Amino acid sequence: MNWIQSLYETYENCQHMVGYTNEPTRPLLPICHITVQAHIEVVIDGEGNFRRAQLVDKRDATTIIPATESSAGRSGNKPTPHPFSDKLQYLAGDFVEHGGKVTSGFAKDPEEPYRQFVTLLTNWCNSPYGHPKARAVLTYVQKKTLMQDLITQKILLVDGNGNLISKKEAKRDRNSKDIFSVLNAQTQDGAVVRWIVETPNASESKTWRDATLWESWANYYLNTTKTEDLCMVTGQRRVITFNHPKFIRREGDNAKLISANDKKNFTFRGRFTEDRQACTVSLEASQKAHYALAWLISRQGYRDKQGELAVVAWATSGAKVPQPTDDFSDLYGDLPSEEEQVADTAQDMAIRLKKAIAGYRQKIDARDDVVVMAVDSATPGRLAIVYYRTLKGSDFLDRIENWHKTCAWQHKYVKREKPEPETGKMKSILIPFYGAPAPADIAEAAYGTNRDGRFVVDDRLKKATIKRLLPCIVDGHPIPRDLVDSVVRRASNRIGMEDWQWEKALSIACALYRKYRYGKEKLEMALDETRTSRDYLYGRLLAIADVLEERALSKAEKNRPTNAARYMQQFSQRPFTTWKQIHELLTPYFMRLGGQASYYKKLIGEVEDLFTPDDFISNKPLSGEYLLGYYCQRQKMWEKTDKSATNDDDSNE
């Protein structure tokens, strides 16, 4: 029960954040409430008199409404109503009169959903916990004029007989807003109404933002539910629930973390005769824990594209923490300026990393608990916790810092939107950064295939890779050898990818190999001209040949892959024989470069001299270290060219 206890504590510590925020994320819900997407806003006064109605903008449609346990998880052909805001079939006493079609289970008695709603709302209003706004809504609803009022206000579209029409039947103006532009359906029956109750001196007329209304419903509901037992989270006798919340990873997510409705066959796996013998959790603790998890995932967690795997780290104090699924650019946050990008080095990275982590340390006490949790689909209706760790805040930050420090390399695949100075239009620019790649990017580099210029990875393989990397980041486990080998193989197959894809795979392969060797040897991110290991030197030779031919082709204005690029995979398997082949093919490019060729000839000779004879003639396959030698040598030669060009410009001035 540790996970639910941690989430319950988090909710208690974040009470001040319950309700709406300015961020485009799911709110932290008050207990006994859910969110729905509202389509129509009805304004009434405190006496229950209709004033006006309007359509709800999609960007503002998320609405907190009171709910019962059964209505929050409703399904089937006779769904139970919510007690305050809901669809038209529940709220409108004149729904059928205007051609509304109720859910199939109510077909024999179309007024049943309306009666259920009025009964539910009446019981609340007549209780000691009743609220003036709820009474105003009840008074208005009992007039049975909602449909007619909405038709009069031209919110609902009807035919000549006053009956609702379908989307196909409606004559719509694409430039104007109507009910079908906010309601993603072919009929108007599913429109959801929310209420504004305007009363003198009221500080909040929007009922979905009124904390006093939330408290009123929660008190009423908890005090009218009689099933009490020992809550295994709080250790107190409380109102128990057996219908735990869903919608955890996203809106519409039906999978649950706690469920015990299988009373046949493998009922409780033969250990218990009743579900409550296995686990009893109070309604309040269950909702607070689930709502906190949903809020955290939406606010700061990672979700894959299918929304099945969700990973989130949080401090039980409520302070934001760095996510193990982030790369360094996410951790650092702000977009670097053009000047900072030019000056960005490994040393800058180390300083920025320390500053970023120090910023988190100021917000998280060293003794605060930080939890890392990953949930994934176990079956279509069930969620499984596939990773769970609780650490002290200082330990967690130390491990995040260590991951970004030891798995660091220079990457150039992160894009950010930035306005153009002249036109103000947003454009995508690449942000080079030093640091660790995100687990999702590692999965793409290891197993992605090129499809129409995109990395495509099997979803299950991507999820499995992310789950395998979590212990490496959070627990400091060694990085899996097969994952490193896979990225190195992909980076060696340069011809099979587009340039940006290969650059991404190359830098991630360097980062992973460096991390893999961490603790055994220290591999620098800059060129180490004193390093004499065979694999590193062969990588340097390949880079020299690649840059030499690329510059010769550039002078001849020919855009085609170099021989070093074409033979890269073969070179990684049989370096000696392939190097001889590549070297022979360099002859015409030496001639084309003329006097400049002496620089490359001299550099090749210097690197070859660093080999021992046995190492040089060995055809043993190269390890990932050759990619580090290749990357660093190529980077050094590019920097040399840039400096030469700058000096030429200065001299011209």
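Helix 17 and helix 18 cross in a left-handed way, meaning that the near helix is turned anticlockwise from the far one by less than a right angle. Helices here are DSSP runs of H or I with at least four residues, and strands are runs of E with at least two, numbered from the N terminus. This is a predicted model, in which local features need pLDDT of at least 70 and side-chain atom pairs count only at pLDDT 80 or more, while totals for chains, interfaces and linings use all residues. Residues are numbered from 1 along each chain, and side-chain values use heavy atoms, without hydrogens and water.

Let's look at that helix pair. Helix 17 (residues 481-492) packs against helix 18 (residues 499-517) at about 145°, and their axes are 8 Å apart. The contact (heavy atoms within 4.5 Å) includes Val 484 and Val 487 of helix 17, and Trp 502 and Leu 506 of helix 18. The contact residues divide into 13 nonpolar, no polar and 1 charged.

Now for the cysteines. With a disulfide taken as two cysteine sulfur atoms within 2.5 Å, the count is 0. The sulfur of Cys 14 is too far for a bond, because the closest cysteine sulfur, in Cys 231, is 19 Å away. For Cys 125, the nearest cysteine sulfur belongs to Cys 32, at 16 Å.

Buried means under 20% relative accessible area, exposed over 50%, and partly exposed in between (1.4 Å probe, protein chains only).

| Residue | Phi | Relative accessible area |
|---|---|---|
| Lys 154 | near 60° | 69%, exposed |
| Phe 247 | about 60° | 22%, partly exposed |

Lys 154 sits in the loop between helix 6 and helix 7, and Phe 247 in the loop between strand 7 and helix 9.

Notes. Axes fitted to C-alpha atoms, helices over the stretch in contact; angles between N-to-C directions. Nonpolar A, V, L, I, M, F, W, Y, C, P; charged D, E, K, R; others polar.
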